[in-house]
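Visitor: Could you take me on a close look at one part of this model? I'd like the ligand site, please.

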Amino acid sequence: MLSIRDLKKSYSSAGEKVAVLRGVDLSVAAGERVALTGESGSGKSTLLHLIAGLDAADGGEIIIGEDCITKLSDAARATLRRDRLGLVFQQFNLVPSLSVADNLAFQARLASRHDPAWHAELVERLGLSQLLKRYPEQLSGGQQQRVAIGRALAVKPLLLLADEPTGNLDEATADDVLALTRDLVARTGCAFLMVTHSARLAATLDRHVTLHAGVVA
Ligand SMILES: Nc1ncnc2c1ncn2[C@@H]1O[C@H](COP(=O)(O)OP(=O)(O)OP(=O)(O)O)[C@@H](O)[C@H]1O
Ligand SMILES: [Mg+2]
């Protein structure tokens, strides 16, 4: 589902070029759940941004499903991201002016992929049925992140990318949210790549890879 070959990315800072990704190779199969760890500054978020097409690589190849995203135009990458990728971040990133129900359906509606039966199943499995009329500021962190995960999965993505999705949650809530995510990923059959600093959470996924010195070990 996801195939990365020899991916390279450098940043220039203070006139100096710093190579962050020096030839990353990584594949994630449909239905596979992979944890990505690595020291702070090792390039985990950079890698996720490149996979999501939010930034362009300097070299190498990223294939998602049938599409080689490193060869697509910015517009085509944005369309692929909207229609076939689910993104979850540490900061939840819900739309403050929209209700829980509308936040959940937000991406799927933009992508013309809103499926009422799947939407209802997500509401049920994520335990959101009593919260649909609330607004994000009226939710706990764990509740907000369940909405964000539902929004990402509502499009039935090929790939769910999560950057420290439980970083702002206490341990018990993090465990609950990740357990729900694992089940929903299995139900959806998408690939799942999650950045985490927690070895404990990483161990609950199918595979654990580490980014070090610009490559995946
Ligand atoms: N836009 C940018 N311009 C210049 N340097 C950047 C930029 N984005 C990231 N970097 C640098 O690239 C390196 C990797 O950053 P990145 O955010 O990918 O690390 P990370 O592994 O996600 O770290 P953390 O665990 O702290 O989130 C860091 O040294 C960072 O300073
Ligand atoms: Mg990061």
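Which helix gives the largest share of the shell around ligand 1?

Guide: That's helix α1, residues 44-51, with three residues in the shell (helices are DSSP runs of H or I, at least four residues, numbered from the N terminus). Before going on, some ground rules: this is a predicted model, where local features need pLDDT of at least 70 and side-chain atom pairs pLDDT 80 or more, while totals for chains, interfaces and linings use all residues. Residues are numbered from 1 along each chain as its sequence is written, chains are lettered from A and ligands numbered from 1 in the order written, and side-chain values use heavy atoms, with hydrogens and water left out.

Around ligand 1 you'll find, among others, Tyr11, Val20, Glu39, Lys44, Thr46, Glu164 and His197, where being around it takes a heavy atom within 4 Å. The shell splits into two nonpolar, seven polar and three charged residues, with Gly counted as polar and Asp, Glu, Lys and Arg as charged.

Now the polar contacts (N or O pairs within 3.5 Å). The side chain of Ser40 puts an N or O atom 2.5 Å from a ligand 1 oxygen. For Ser45, a polar side-chain atom sits 2.8 Å from an oxygen of ligand 1, whereas Gly43 uses a backbone N or O atom, at 3.0 Å from a ligand oxygen. On its own, ligand 1 exposes 640 Å², and the protein buries 58% of that (Shrake-Rupley areas, 1.4 Å probe).

Notes:
A polar contact is a pair of N or O atoms within 3.5 Å; within protein, one must be able to donate a hydrogen and the other to accept it, and residues adjacent in sequence count only if both atoms are side-chain atoms. Helices (H or I, at least four residues) and strands (E, at least two) are DSSP runs, numbered from the N terminus.
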